[in-house]
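Please report on the fold and the charged contacts of this model. Begin with the sheet, then turn to one helix and the salt bridges.

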Amino acid sequence: MNSEELAGQTALVTGASRGIGAAIAESLARRGAHVVITARTAGGLEELEDRIHDAGGSATIAPLDLTDGDSIARLASAIAERWQQLDMLVLNAAMLGTLTPVGAIDGKEFNKLLTLNLVAQQALIANFDPLLRRAPAGRLVALSTGVARTPRAYWGAFAASKAAFEVLVSSYGAEMRNISNVRTAILDPGGTRTQMRARAYPGEDPQSIKDPAVVGEFVARMMVDGFDSTAYHALPKVMAEA
């Protein structure tokens with residue numbers, strides 16, 4: 001069911017070609033937001049754009065590689081030129097990497113993982129900070145993972161990148177709290193039916209965990225209701241369907 005709760009507002013969702021990112025974009029669009037959706041490949045974005053338009057929403061696709069810092073700056077300039085501000089930023093794009101003992105982490109892959117999961121995220125915050133500040137109530141929601149706060153064997157590389165990411169986002173939220181209307185929140189979506197989850201837990205029954213649409217609806221409700229920096233939410237594996 002569509003509403004106009006976010007009408008006139010613009011959102012940027014990263015990692016939006018499928019899974020949780022796509023679900024968040026659809027949920028925001030259903031509430032009237034114009035959604036800028038980005039991922040590395042255009043195919044999934046075009047399919048998502050079609051679904052949003054077919055449902056009466058509006059979206060703009062922006063295929064880009066977040067590990068290319070210049071592309072982030074170009075996207076920020078394009079959004080600034082067209083909308084002057086950004087109401088919502090959803091940092092969802094991430095790389096799982098290989099689950100392996102810390103002593104066996106491949107340095108080359110670890111660098112790639114840190115570049116996307118941490119360095120690119122700082123570049124996104126830095127480039128979109130002026131646009132978030134121009135909005136009446138800029139909101140940033142960062143998708144994280146439970147292993148960032150409860151380390152687990154073999155998850156060291158991914159967990160370390162996400163733990164640092166959480167500190168970065170929360171520090172930004174603390175900095176913004178008293179000087180702007182920008183607010184930040186971290187969301188651990190918990191077990192969700194995604195390709196990344198299937199790679200991490202190949203023996204798990206996908207029907208035993210929730211659909212990404214449930215996470216999408218939760219994030220949309222956060223954006224409508226607002227939140228205080230530096231809010232943290234962790235969702236259970238099973239929730240009522242959206």
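## Basis

This is a predicted model: local features need pLDDT of at least 70, side-chain atom pairs count only at pLDDT 80 or more, and totals for chains, interfaces and linings use all residues. Residues are numbered from 1 along each chain as its sequence is written, and side-chain values use heavy atoms, with hydrogens and water left out.

Helices (H or I, at least four residues) and strands (E, at least two) are DSSP runs, numbered from the N terminus.

An open sheet is built from 7 strands in the order 3-2-1-4-5-6-7, with parallel pairing. Strand 3 (58-61) and strand 7 are the edge strands, each pairing on one side only. Two strands pair if DSSP finds at least two bridges between them. On average, neighbouring strands are turned by 20° against each other, direction ignored. Axes here are lines fitted to C-alpha atoms, for helices over the stretch in contact, and angles run from 0 to 180 degrees between N-to-C directions.

Strand 1 (residues 10-14) pairs with strand 4 in the parallel sense over 3 bridges. Ala11 has Met88 in strand 4 as its bridge partner. Helix 2 packs on the sheet and touches strand 2 and strand 3. Its direction makes about 165° with that of strand 3.

## Helix 7

Helix 7 (residues 212-225) has 14 residues. From first C-alpha to last it reaches 20 Å, close to the 20 Å expected at 1.5 Å a residue; the expected span is 1.5 Å times one less than the number of residues. At its start, a side-chain oxygen of Asp211 reaches to within 2.8 Å of the backbone nitrogen of Ala213. Just after the helix, Gly226 takes a positive phi of about 80°.

Helix 7 lies across strand 4, strand 5, strand 6 and strand 7, running at about 160° to strand 6. Its buried residues include Val215, Gly216, Val219 and Met222. Buried means under 20% relative accessible area, exposed over 50%, and partly exposed in between (1.4 Å probe, protein chains only). The buried residues of helix 7 pack against helix 1 (19-30), strand 4 (88-91), strand 5 (139-143), strand 6 (183-188) and strand 7 (231-234). Contact means heavy atoms within 4.5 Å.

## Salt bridges

The whole structure holds 11 salt bridges, each a side-chain nitrogen of Lys or Arg within 4 Å of a carboxyl oxygen of Asp or Glu. Glu26 and Arg51 form one at 3.3 Å, N to O. Glu26 lies in helix 1 and Arg51 in helix 2 (residues 42-54), so this pair ties together parts 25 residues apart in sequence. Glu26 is partly exposed at 22% relative accessibility, and Arg51 is partly exposed at 37%.

What does Glu217 meet in a salt bridge? The partner is Arg31, at 2.9 Å, N to O. Glu217 lies in helix 7 and Arg31 in the loop between helix 1 and strand 2 (34-38), so the pair ties together parts 186 residues apart in sequence. Arg31 is buried, with a relative accessible area of 10%; Glu217 is buried too. Both belong to a network of salt bridges that links Glu5, Arg30, Arg31, Glu217, Arg221 and Asp225.

Asp211 forms a salt bridge with Arg193, the closest N and O atoms being 3.4 Å apart. Asp211 sits in the loop between helix 6 (195-200) and helix 7, and Arg193 in the loop between strand 6 and helix 6, 18 residues apart. Asp211 is partly exposed at 26% relative accessibility. Arg193 is partly exposed, with a relative accessible area of 26%.

Conventions:
Polar contact = N/O pair within 3.5 Å; in protein donor to acceptor, adjacent residues only side chain to side chain.
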